[in-house]
Amino acid sequence: MGCSENTREERLGAMPDRLPDDEALWGPVLFEARMTPNSSLSAQARTVVILLLTGASVAIGTLFWVLGAWPVPGFCGLEVLLACMLLYRNARDLRRAEWIELREQSLLLTRIDSNQGKLERRLSPYWLRVDLHDRPGSIVRVRLHGHGVQEEIGRFLDEVGRRVLAQELRVALHSCRNPRYENFPD
């Protein structure tokens with residue numbers, strides 16, 4: 001299946017809950033991973049940082065203006081404006097997310113970008129291979145390969161997290177391909 005376009009309301013809201021017929025159509029969830037970028041500041045902490053920076057800048061700018069260095073307050077204002085723009089960009093980038101959901105009949109990879117655009121790819125778990133690209137001096141990358149599809153996953157994770165994701169997904173794909181049937185009661 002290919003990528004799907006969603007309405008503006010779906011892009012602006014959180015990821016919708018599973019549809020009731022998902023389990024009947026694709027089977028039960030065997031593995032699920034939800035990944036988001038690390039967040040060092042909450043919205044309240046970001047506001048406090050901006051207010052403190054603005055207050056310090058006003059105090060420093062006023063002091064220099066009183067001392068006769070009238071260009072300094074303008075540069076202080078530009079500094080606060082730049083800091084606010086960078087903090088806004090950081091907050092916007094925190095909206096990104098990645099979900100991996102493995103079911104008996106499909107692996108659903110969902111990505112939300114910083115503009116809340118949603119990209120979904122549904123892949124067959126029977127043809128997927130999880131590759132861990134680990135070369136000296138480079139970043140560890142986890143990729144899904146299968147039927148001409150190559151997708152990098154776990155972009156928000158550190159090196160250890162990517163290794164764990166690759167191992168857990170390999171185990172989940174193996175159990176999906178090789179189900180154990182309990183035909184004999186105890």
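1. Leu144 is found in strand S6. Strands here are DSSP runs of E with at least two residues, helices are runs of H or I with at least four, and both are numbered from the N terminus. At 1% relative accessibility, Leu144 counts as buried, because buried means under 20% relative accessible area. Exposed means over 50%, and partly exposed lies in between, with a 1.4 Å probe and protein chains only.

2. A word on the source. This is a predicted model, in which local features need pLDDT of at least 70, side-chain atom pairs count only at pLDDT 80 or more, and totals for chains, interfaces and linings use all residues. Residues are numbered from 1 along each chain as its sequence is written, and side-chain values use heavy atoms, with hydrogens and water left out.

3. What is Leu144 in contact with, leaving aside its neighbours within four places in sequence? Contact means heavy atoms within 4.5 Å. The list includes Leu107, Leu123, Leu128, Arg129 and Val130. Val149, Gln150, Glu151, Ile153 and Leu169 are also on it. Take Leu123: 21 residues separate it from Leu144 in sequence, and the two C-alpha atoms are 9.6 Å apart in space.

4. Strand S6 covers residues 141-146. Five of its six residues are buried, so S6 is mostly covered. S6 runs antiparallel to S5, and five bridges join them. Two strands pair if DSSP finds at least two bridges between them. Val142 in S6 is the bridge partner of Leu132.

5. S6 also pairs with S7, again over five bridges and in the antiparallel sense. Gly146 stands opposite Val149 in S7. His145 has Gln150 of S7 as its bridge partner. S6 and S7 form a hairpin with two residues between them. His147 sits in that turn and has a positive phi of about 50°.

6. S7 is mostly covered too: four of its five residues are buried. Glu152 lies in this strand, which spans residues 149-153. Is Glu152 buried or exposed? Glu152 is buried, with a relative accessible area of 16%. Its side chain makes a polar contact with the side chain of Arg141, at 3.1 Å. A polar contact is a pair of N or O atoms within 3.5 Å; within protein, one must be able to donate a hydrogen and the other to accept it, and residues adjacent in sequence count only if both atoms are side-chain atoms. Beyond four places in sequence, Glu152 is in contact with Glu98, Arg111, Arg141, Val142 and Arg143.

7. Next, the open sheet. It has four strands in the order S1-S2-S3-S4, with antiparallel pairing. The edge strands are S1 (29-35) and S4 (118-123), each pairing on one side only. The twist averages 10° from one strand to the next. Axes are lines fitted to C-alpha atoms, for helices over the stretch in contact; angles run from 0 to 180 degrees between N-to-C directions. S3 (residues 107-112) pairs with S4 over six bridges, in the antiparallel sense. Within that pair, Thr110 has Glu120 in S4 as its bridge partner.

8. Helix H5 (residues 159-177) lies across S1, S2 (97-103) and S3, and runs at about 160° to S1. H5 has 19 residues. From first C-alpha to last, H5 reaches 27 Å, close to the 27 Å expected at 1.5 Å a residue. That expected span is 1.5 Å times one less than the number of residues.

9. Which residues of H5 are buried? They are Gly161, Arg162, Leu165, Ala166, Leu169, Ala172, Leu173 and Cys176. Seen down the axis of H5, they fall within an arc of 140°, so they line one face of the helix. The arc is that of the directions from the helix axis to the C-beta atoms. These buried residues pack against S1, S2, S3, S5 (129-133), S6 and S7. The face turned away from the buried side carries the exposed residues Val160 and His174.

10. Last, helix H4 (residues 71-93). H4 has 23 residues and reaches 34 Å from its first C-alpha to its last, close to the 33 Å expected at 1.5 Å a residue. Its buried residues are Cys76, Val80, Ala83 and Leu87. They pack against helix H3 (43-66).
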